[in-house]
Amino acid sequence: IPISDDRRCTAPNPNPPAMRSPLLCISTRRRRRILGTSPPAAAAPPNIASALTVLLACHYHDTRALAFPNPSICQPSKGTRFSRGSTMGASTSHTNVLCSNRNTLQHSPRTSKLGIPLHSASDGSKNEKETDEEQEAEEAALLSNLSSDLSRLTVLRPPVPSADFSVPTAIVSAGSSYTRLWTQMTWWRHADPPHVRYFRHVRSWPLSTSARKIMPAVALSTLYTLMMAFALRHLRIGRYQLQAMTKGASAAMAALSAPLALLLTLRANASLGRLNESRVLFGRMILRGRNLASILKTYVYPQNPTAAILATRYLSVLGWSIKALVRNEGVDSQRDVYEIMLGRDGADWILSQKIRPPLAILARIRQIVADVAMTCTNPNFFVPHSALEGAIDDLDAVTGGCERLLSSPIPPTYSRHLSRIMVMYLTMLPFALVASGTPSLGAAVATALVSYVIIGVDEIGMEIENPFPLLPLMQLCGAFQSVVGEKMLLSTPTFNSVGKITDTSNS
């Protein structure tokens, strides 16, 4: 069994002393820093029996039979440098670390297949301390640029409802509204005692956007009732009094009332279900985006900071891209957003794709993650890779759900049938009121109240059937951008080789 000189291993000692570190195979630089020792002398080349013993122990997971007299096991040759992902952390199983040495002790390529720069091998003319300082400076610059660009994007797209240029002003109420995110103060005001709440709602009646939209239809219905009441009582056609036409009107009205109420209720429930589903989709987008950014920070950033930050930049503009899709803001409406986070070339690439921009962004993130997975030397990277793919799939499902709600309304046949029944009901209402002996003025007032109720319920169902103009997308997309950036810029403590928390941070 040939063993290269770059991976010199010593045979296990039958009576080994206590191990000084749980790391069985670490880089020379980290071992010196942790143990505070000078580099040990090169061990003698192992014989065939020693190699067979090590491989059999790895195969049968006999960790008790594997103990080594010093941390020079699997010591790389002098001058060799590995990527950050090749340094194994503290593990509770010596076998797992030993068995992974065959894969982790490899030189990292300078660039990936996508051209993303990786950690390159150290130059022999520079000492390890200078190389570490250069890498830390590069990572600090990447994080600083990301933070600066996110701040610029926040100025361009402030997460406040008043900055939303695509929301229809006709549906935004002056008081509490679904078009903005609520706080605890909003809920306290919303849950005022009944007499306070009713007074406030009546006082703000003239400012109601729904009332303004339905007032023309209510006025027409009232005027029609007033004219029909006068005609039924005072006009004659030949030998017949028009009031005779009111016979049976009350029975017809009673027959129409129940189906009309049922249809209005079903329509309102279906529209509310669509509104709730759209809000769940955007909440799911924020949750999955936060998870994806956290996994990028924890697993991808130590392997390749450049790739992790590039994926974060694409992820931070996904919310604005979905907003432009569901609000029909136009293809170029988010060009400034793309140019801030991705540069002009990145913006041109997204806008030149034949698929929708959110799908192009997700495809690019998946490509970056796949490239990191293929160039990563850690054999256990398949676990976070699976989690990353799952989060990307969820974001893809969110985009598909938004497209489905946008392109598939409640069947128009239902809306047309409901509108015709409402017209029949309001047309026969004056006959029933006159037949009951209601004065003409009283009939007009009663018609105004009834038409305001049923037309208002129908209009509310029509408004919320398309839920995206009602959602506070400016605040939701701003929150998505913020949580993604905060996860990547988060300063977390690191663990040293013995599992103790140090005072340093990785950002």
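## A tour by helix and residue

Visitor: Leaving aside neighbours within four places in sequence, which residues is Leu-359 in contact with?
Guide: Contact means heavy atoms within 4.5 Å. Neighbours within four places in sequence are left aside. What remains for Leu-359 is Asp-396 and Thr-399.

Visitor: What kind of model is this, and which atoms do side-chain values use?
Guide: This is a predicted model, in which local features need pLDDT of at least 70, side-chain atom pairs count only at pLDDT 80 or more, and totals for chains, interfaces and linings use all residues. Residues are numbered from 1 along each chain as its sequence is written; with hydrogens and water left out, side-chain values use heavy atoms.

Visitor: How many helices and strands does the protein have?
Guide: Helices (H or I, at least four residues) and strands (E, at least two) are DSSP runs, numbered from the N terminus. For this protein, the tally is 16 helices and 6 strands.

Visitor: What share of the 507 residues is buried?
Guide: Buried means under 20% relative accessible area, exposed over 50%, and partly exposed in between (1.4 Å probe, protein chains only). Of the 507 residues, the buried share is 41%.

Visitor: Where does Leu-359 lie, and is Leu-359 buried or partly exposed?
Guide: Leu-359 sits in helix H12. Its relative accessibility is 28%. Therefore Leu-359 counts as partly exposed.

Visitor: How far apart in space are Leu-359 and Ile-322?
Guide: Along the sequence, 37 residues separate the two. In space, from C-alpha to C-alpha, the gap is 9.4 Å.

Visitor: Which helix holds Ile-322, and is Ile-322 buried or exposed?
Guide: Ile-322 is part of helix H10. Its relative accessibility is 1%. So Ile-322 counts as buried.

Visitor: What does Ile-322 touch, not counting residues up to four places away in sequence?
Guide: Residues up to four places away do not count here. The partners of Ile-322 are then Phe-282, Met-285, Pro-358, Thr-399 and Cys-402.

Visitor: How many residues of H10 are buried?
Guide: H10 covers residues 318–326 and is mostly covered. Among the buried ones are Trp-320, Lys-323 and Val-326. The count for H10 is 9 of its 9 residues.

Visitor: Which residue with positive phi follows H10, and is that residue buried or exposed?
Guide: Asn-328 follows H10. Asn-328 is not a glycine, yet has a positive phi of about 55 degrees. It lies in the loop between H10 and H11. Its relative accessible area is 70%, so Asn-328 is exposed.

Visitor: Are H11 and H12 roughly parallel or roughly perpendicular?
Guide: Axes are lines fitted to C-alpha atoms, for helices over the stretch in contact, and angles run from 0 to 180 degrees between N-to-C directions. Those of H11 (residues 335–351) and H12 (residues 357–375) come within 13 Å and cross at roughly 100 degrees. Under 35 degrees counts as roughly parallel, over 145 as roughly antiparallel, 65 to 115 as roughly perpendicular and the rest as oblique. So H11 and H12 are roughly perpendicular.

Visitor: Which residues of H12 meet H11?
Guide: H11 brings Tyr-338, Trp-349 and Ile-350. On the H12 side are Pro-357, Ala-360, Ile-361 and Arg-364.

Visitor: How are H14 and H15 oriented to each other?
Guide: H14 spans residues 412–435 and H15 spans residues 440–465. Their axes come within 10 Å and cross at roughly 165 degrees. H14 and H15 are therefore roughly antiparallel.

Visitor: By class, what makes up the contact of H14 with H15?
Guide: From H14 come residues including Leu-418 and Tyr-425, and from H15 residues including Ala-443 and Asp-458. Ala, Val, Leu, Ile, Met, Phe, Trp, Tyr, Cys and Pro count as nonpolar, Asp, Glu, Lys and Arg as charged, and the others, Gly among them, as polar. The contact has 11 nonpolar, 2 polar and 1 charged residues.

Visitor: How are H4 and H9 oriented to each other?
Guide: The axes of H4 (residues 128–156) and H9 (residues 305–316) come within 10 Å. They cross at roughly 5 degrees. So H4 and H9 are roughly parallel.

Visitor: Which residues is Asp-394 in contact with, leaving aside its neighbours within four places in sequence?
Guide: Asp-394 belongs to helix H13 (residues 382–407). It is buried, because its relative accessible area is 19%. Leaving aside neighbours within four places, Asp-394 contacts Arg-284 and Arg-288.
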